[in-house]
Amino acid sequence: MASLNILPPDKLSRVSEYIPEIIAYIETIIKNGYAYESNGSVYFDVAAFDSQPIHHYAKLVPEAYGDSKSLQDGEGDLTTSAVNEKRSPNDFALWKKSKKGEPWWDSSWGKGRPGWHIECSVMASCILGQTLDIHTGGIDLKFPHHDNEIAQAEAYYNNEEWVRYFLHSGHLTISGCKMSKSLKNFITIEDALKKNTSRQLRLAFLLHSWKDTLDYSESTMESAMACEKLLNEFFLNVKHVTRRNDVNALAIGYSKWLSSEIELSKKFNLCKSNVHAALCDNIDTKTVLEAIRECISACNVYLRDCDSSAVNHTLLLDIAKYITKILKVFGIKTADEIGFPISEGSSSSDVETIVTPYLNILSDFRDSVRGIARSLGSKDILILCDKLRDEILPDNGVRLEDIDGKPTAIKFVGREAILRERKAKAKAEADKLAEKEKKKKEQDLARAKKEELKKIHPKDLFKLETDKYSEFDENGLPTIDNQGNKISKGLTKKLQKIQSTHATLHKEYLESID
């Protein structure tokens, strides 16, 4: 979990450590009149609870009240052989008499074990008290588990609101199927991290609503990787254009804004407004990332149309810092100021800060050398400049991007990221080549089939199609189809035309072998 940058829980609890508290909790519920003992087991009296003005059973799923199938699915073995023990089929077990071979603890009702739902109510109450602000869980636990948790706790405290907010998350599926060991589609975090980075996995979840089903598949992760690339390239571009922050650049930031800067500022403010509204609307992270994407697109247009010497560094840095802050709120590891750390295990930009001045000098020197080499027509020097860009610096986590008419862009991507880019590019090229070869084989096969078909006499052409036709005339034209129906006049005309065209091809074939 730490590898995904997930905070550890403040408290981990085990049911076996809370048996005395569970027994005392049940005793209080009985005392309050909401449970009863029967044959060594204790059941929650749903009717007695629901009859009280301050209590309502099945708050989360009211329509499930009385649904014996849902109750059976939720209770499992706890309802087996308990029909005659319960006052109502809607009642559920708080304490179950243990069968031979089952675990047990002593209680005033005899040897038994806790019911499934009571365990959660008791441990949460012991640790968090008589009211919880937020309770989370899977969507499949709404009824009966969470509804029964609520009923038990409110029966114990005799209050009307044990939980203020419930957040029920959607399921995680693997390529459209429920994750299951029996289906052999079970994947661990460790396995997932072998294919994608923790940042990409977190983005995959952020690109979907937390309450909906998320399908972990190749297409899902491709979307996450595309989102990561969009964000990272934006940060790298901002760092590049603002890196050489001289007095002139500072002056531009505080000069009267041009219409392009005013327009970009408006879109930035709209982005912040949309992000706030989306987070207030059920923590809609998908819409947040869409708002950020639109803001980045506006920045890219601004950078494309603006002269590099007139770029408003202050405005771009404000936007980059804001987006970085939002991503940090979402649990994504970020650099100290803007963007992502150079490597997964680093959160500091010290290396980039220290190395940048030297890389600026190297880049300027390379630009000058390239200019002289071009004027002299020296291919060997240009090859060396390309090698520095394509091999030497990438192996050390730095990407150079030559831009016509502008200084070379310097981007700290990180060696691991560059290796992943190379691997992805190589795979894409291999897939493209394989697809090309596949199409060539299909074309060759179709061509060979067409040449082979030329050898067939026109009268025998349709006789090969036994799945369509069963009887033919003296010229080989079908008269009856394979269902015993007579061939229509319209279809006969089409078949005559096909046969005539084939006769020409067959004649060409015969002439070619003479």
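Visitor: Before we start, what do buried, exposed and partly exposed mean here?
Guide: Buried means under 20% relative accessible area, exposed means over 50%, and partly exposed is in between. Please note also that this is a predicted model.

Visitor: Understood. Where is N158, and how does it classify on that scale?
Guide: N158 is found in the loop between α5 and β6 (163–169). Its relative accessibility is 42%, so N158 counts as partly exposed.

Visitor: What about the phi of N158?
Guide: The phi of N158 is positive, about 55°, although the residue is not a glycine. Most residues other than glycine have a negative phi.

Visitor: Which other residue has a positive phi without being glycine?
Guide: I283 is one, with phi near 50°. I283 is in the loop between α10 (259–280) and α11, and it is partly exposed because its relative accessibility is 43%.

Visitor: And the peptide bonds: where is there a cis one?
Guide: The bond joining F143 and P144 is cis, with omega of about 5°. P144 belongs to helix α5 (residues 142–157). Most peptide bonds are trans.

Visitor: Let us turn to the overall layout. What are the domains?
Guide: The domain assignment gives domain 1 (2–169), domain 2 (198–330), domain 3 (348–413) and domain 4 (456–513).

Visitor: How far apart are domain 1 and domain 4?
Guide: Their C-alpha centres lie 76 Å apart.

Visitor: Now electrostatics. How many salt bridges are there?
Guide: The count comes to 30 salt bridges. One of them joins the side chains of D45 and R87, with an N to O distance of 3.2 Å.

Visitor: Why does that pair tie together separate parts of the sequence?
Guide: D45 lies in the loop between β2 (41–44) and α2 (46–50), and R87 lies in the loop between α3 (68–75) and β3 (92–97), so the pair ties together parts that are 42 residues apart in sequence.

Visitor: Are D45 and R87 buried or exposed?
Guide: D45 is buried, because its relative accessible area is 11%. R87 counts as exposed, because its relative accessibility is 60%.

Visitor: What is the salt bridge partner of R304?
Guide: R304 pairs with D305, and the closest N and O atoms are 2.8 Å apart. Both R304 and D305 are exposed.

Visitor: And what does K411 pair with?
Guide: The side chain of K411 meets that of E401 in a salt bridge of 3.0 Å, N to O. K411 is in strand β11 (residues 406–412) and E401 is in strand β10 (residues 398–403), so this pair connects parts that are ten residues apart in sequence. K411 is buried, since its relative accessible area is 1%, whereas E401 is partly exposed at 24%.

Visitor: Changing topic: why is helix α7 described as largely enclosed?
Guide: Eight of the nine residues of α7 (residues 198–206) are buried, so the helix is largely enclosed by the rest of the structure. The buried ones are S198, R199, Q200, L201, R202, L203, A204 and L206.

Visitor: What covers the buried residues of α7?
Guide: The cover includes α6 (189–195), β9 (214–216), α8 (218–243), α11 (285–305) and α15 (415–453).

Visitor: Where is T173, and is it buried or exposed?
Guide: T173 is in strand β7 (residues 172–174), and it counts as buried because its relative accessibility is 13%.

Visitor: What does T173 touch?
Guide: Leaving aside residues up to four places away in sequence, T173 touches K178, T213, L214, D215 and Y216. The side chains of T173 and D215 are also joined by a polar contact of 2.7 Å.

Visitor: Finally, the surface. Which residues make the nonpolar patch?
Guide: V351, I354, V355, Y358 and I361 make a nonpolar surface patch of about 530 Å². V351 is in helix α13 (residues 350–376), and it counts as exposed because its relative accessibility is 54%.

Visitor: What is the general rule for spacing along an α-helix?
Guide: An α-helix has 3.6 residues a turn, so residues three or four places apart point the same way.

Methods
Residues are numbered from 1 along each chain as its sequence is written. This is a predicted model: local features need pLDDT of at least 70, side-chain atom pairs count only at pLDDT 80 or more; totals for chains, interfaces and linings use all residues. Side-chain values use heavy atoms; hydrogens and water are left out. Patches are made of residues with over 30% relative accessible area and no salt bridge: like charges are joined within 9 Å, nonpolar side chains (Val, Leu, Ile, Met, Phe, Trp, Tyr) within 5 Å. Accessible areas come from the Shrake-Rupley method with a 1.4 Å probe; for residues, only the protein chains shown count as cover. A salt bridge is a side-chain nitrogen of Lys or Arg within 4 Å of a carboxyl oxygen of Asp or Glu. Helices (H or I, at least four residues) and strands (E, at least two) are DSSP runs, numbered from the N terminus. Buried means under 20% relative accessible area, exposed over 50%, partly exposed in between (1.4 Å probe, protein chains only). Domain bounds come from an automatic or database domain assignment. A polar contact is a pair of N or O atoms within 3.5 Å; within protein, one must be able to donate a hydrogen and the other to accept it, and residues adjacent in sequence count only if both atoms are side-chain atoms. Contact means heavy atoms within 4.5 Å.
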